[in-house]
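Work through the exercises below with the model open. Try each task before reading its solution.

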Amino acid sequence: MSAKTTYQEGELVSLLRAKDNAAFSYLYDHYAGALMGIVKGVVGEEDLAEDVVQEVFVSIWRKIDSYDSEKGRLFTWMLNIARNAAIDKVRSKGYQQSLRQQSLDGAEHIAPAVRPTGDDIGLRRVLGRLKQEQRQLIDLSYYQGFTHDQIAKALNIPLGTVKTRLRSALSQLRTLLK
């Protein structure tokens, strides 16, 4: 069977259920980009998002028989699989562990736009007088640009605790700068 340029949704689903490779290639070619955008929005990293999208298409291949056209369109069903896979990846222990293992003190992780200059040396010296947890929070928030929510996930502490500790760190920093 030669590859078609377009399929009606019902025809595509029937061919996918029959494990037709050309139909699956068509599905991938036409929907991978959209699913990639959704997944990348959840996981944040392009390489990781590509891995998740590959897993999503394997899952679609395996689960196509569970698709019910009366409950919604094929794309919506695939979108839900992709979104759930991305959320599962972010919640996974391996992903959380990799976030915690990233060096938080290394200058190589500071974005080039905020890499310390000569004027920042005095500030770094003052930051060195803060408690380690306070330095870490300021580094993540102000030098690396993490949101409070991302910091909470990376350090595996509650969001409220991040906000309280960061507020305390900034207060202590103000005191030290006076």
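## Exercise 1: A residue in the core region

Leu16 counts as buried, at 2% relative accessibility. The model is predicted.

**Solution.** 
- Step 1. Check accessibility. The cut-off for buried is under 20% relative accessible area, so Leu16 at 2% qualifies.
- Step 2. Compare sequence and space. Leu16 and Asp65 are 49 residues apart in sequence, and their C-alpha atoms are 8.7 Å apart.

## Exercise 2: The nonpolar cores

**Task.** Describe the largest nonpolar core: how many residues has it, and which have the most contacts inside it?

**Solution.** 
- Step 1. Count: the largest nonpolar core has 30 residues.
- Step 2. Assign elements. Helix 1, helix 2, helix 3 and helix 4 each give two or more residues to this core.
- Step 3. Helix 2 gives the most, with nine residues.
- Step 4. Leaving aside neighbours within four places in sequence, Leu27 is in contact with Leu12, Leu16, Ala32, Phe57, Ile60, Leu74 and Met78.
- Step 5. Look for a further core.

## Exercise 3: Salt bridges

**Task.** State how many salt bridges a search of the whole structure finds. Then work through the pairs Glu9 and Arg73, Glu55 and Lys89, and Arg165 and Glu133.

**Solution.** 
- Step 1. Count: the search finds five salt bridges.
- Step 2. Take Glu9 and Arg73. Their side chains meet in a salt bridge at 3.1 Å, N to O. Glu9 lies in helix 1 and Arg73 in the loop between helix 3 (46–63) and helix 4 (74–91), so the pair ties together parts that are 64 residues apart in sequence. Glu9 is partly exposed, with a relative accessible area of 25%. Arg73 is exposed, at 55%.
- Step 3. Take Glu55 and Lys89. Their closest N and O atoms are 4.0 Å apart. This pair links distant parts of the chain, since Glu55 is in helix 3 and Lys89 in helix 4, 34 residues apart. Glu55 is partly exposed, at 42% relative accessible area. Lys89 is partly exposed, at 25%.
- Step 4. Take Arg165 and Glu133. They form a salt bridge at 3.9 Å, N to O. Arg165 sits in helix 9 (residues 159–177) and Glu133 in helix 7 (residues 132–143), 32 residues apart. Arg165 is partly exposed, with a relative accessible area of 32%. Glu133 is partly exposed, at 35%.

## Exercise 4: A backbone angle

**Task.** What is phi of Lys19 near, and where does Lys19 lie?

**Solution.** 
- Step 1. Recall the background. Most residues other than glycine have a negative phi.
- Step 2. Read the angle. Phi of Lys19 is near 60°, a positive value in a residue other than glycine.
- Step 3. Locate the residue. Lys19 lies in the loop between helix 1 (9–17) and helix 2 (21–43).
- Step 4. Lys19 is partly exposed, with a relative accessible area of 33%.

Conventions. Residues are numbered from 1 along each chain as its sequence is written. This is a predicted model: local features need pLDDT of at least 70, side-chain atom pairs count only at pLDDT 80 or more; totals for chains, interfaces and linings use all residues. Side-chain values use heavy atoms; hydrogens and water are left out. Helices (H or I, at least four residues) and strands (E, at least two) are DSSP runs, numbered from the N terminus. Buried means under 20% relative accessible area, exposed over 50%, partly exposed in between (1.4 Å probe, protein chains only). A nonpolar core is a set of buried Ala, Val, Leu, Ile, Met, Phe, Trp, Tyr and Cys residues joined through side-chain atoms within 4.5 Å. Contact means heavy atoms within 4.5 Å.
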